[in-house]
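Please read them beside the coordinates.

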Amino acid sequence: MANKAVIAGASGLVGSELLNLILHENFYDEVLVLVRKELPIQHKKLVQLVVDFDRLDNHAAAINGHALFCCLGTTQAKTPNKNQYRKIDHDYPVELAQIALWNHMKQYHLISAIGANGESKTFYLRLKGETEADIAHTGLKTIHIYQPSLLVGTRKEHRLGERIATAVMNVIDPLLIGGLKKYQSIKAATVARAMYKQSLNTDEGLFIHPSDHIKQLA
């Protein structure tokens, strides 16, 4: 039986790494990417579906297969409107999880963030925590939630704040040991590799992977 992967957020930092990895590995025969506009990539295994994320139900029939990888996310600088921010970081991932359930997909993989907590006073961490909880309650048999710390990689857009943070973390990372190890920065390619490898795992359940554990999985 052919294995199909679905990726939402394939143009992002982790999503692009994951797409490249899956296209060049043998397990998946088809990769469907949900995009707002087509990516400048061609591959015999790649299928691009241009979607309106506010109308995901219109595309539900096509969103099926072995695993759905949700790599959607934004920043407050890019999306200052909190309602729109919530749509991208919460509503779309949760609706995709519901579609995955309806279509009997075996696995759902979500990129969240270290420190995600639905009770947090920080908007970002509270939203991530709410998203995790709502997806965990969908009834999907297998859910993998990845909680990376600061992501390192080559972005298409320049983010001065993140470049400064990366430089700072290069100095601080070696000092973060023991219980603080999970706060070390992590390469986007490492997260992508862990996601791919876990999608080959047949264990069912809810699995939450903090940043230091992600490195061990990759």
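1. Burial is expressed as relative accessible area: buried means under 20%, exposed over 50%, and partly exposed in between, with a 1.4 Å probe and protein chains only. The model is predicted, so local features need pLDDT of at least 70 and side-chain atom pairs count only at pLDDT 80 or more, while totals for chains, interfaces and linings use all residues. Residues are numbered from 1 along each chain as its sequence is written, and side-chain values use heavy atoms, with hydrogens and water left out.

2. Searching the whole structure gives 3 salt bridges, each defined as a side-chain nitrogen of Lys or Arg within 4 Å of a carboxyl oxygen of Asp or Glu. Helices (H or I, at least four residues) and strands (E, at least two) are DSSP runs numbered from the N terminus.

3. K128 and D89 join their side chains in a salt bridge, at 2.9 Å from N to O. This pair links distant parts of the chain, with K128 in helix α3 and D89 in helix α2, 39 residues apart. Are the two partners buried or exposed? K128 counts as buried at 7% relative accessibility, and D89 counts as buried at 4%.

4. Between E130 and R86 there is a salt bridge whose closest N and O atoms are 2.8 Å apart. Here too distant parts of the chain are linked: E130 belongs to helix α3 (residues 123-136) and R86 to helix α2, 44 residues apart. E130 is partly exposed, with a relative accessible area of 24%; R86 is also partly exposed, at 30%.

5. D54 pairs with K87 in a salt bridge, their closest N and O atoms lying 3.3 Å apart. D54 sits in the loop between β3 (46-50) and β4 (67-70), whereas K87 is in helix α2 (residues 82-102), 33 residues away.

6. On a 1 Å grid over the protein atoms alone, a pocket is an open set of points where a 1.4 Å probe fits, with protein on both sides within 12 Å along at least five of seven lines; lining residues have an atom within 4 Å of a point. Of its 18 lining residues, M105, K106, Q107, K141 and E204 are the closest to the centre.
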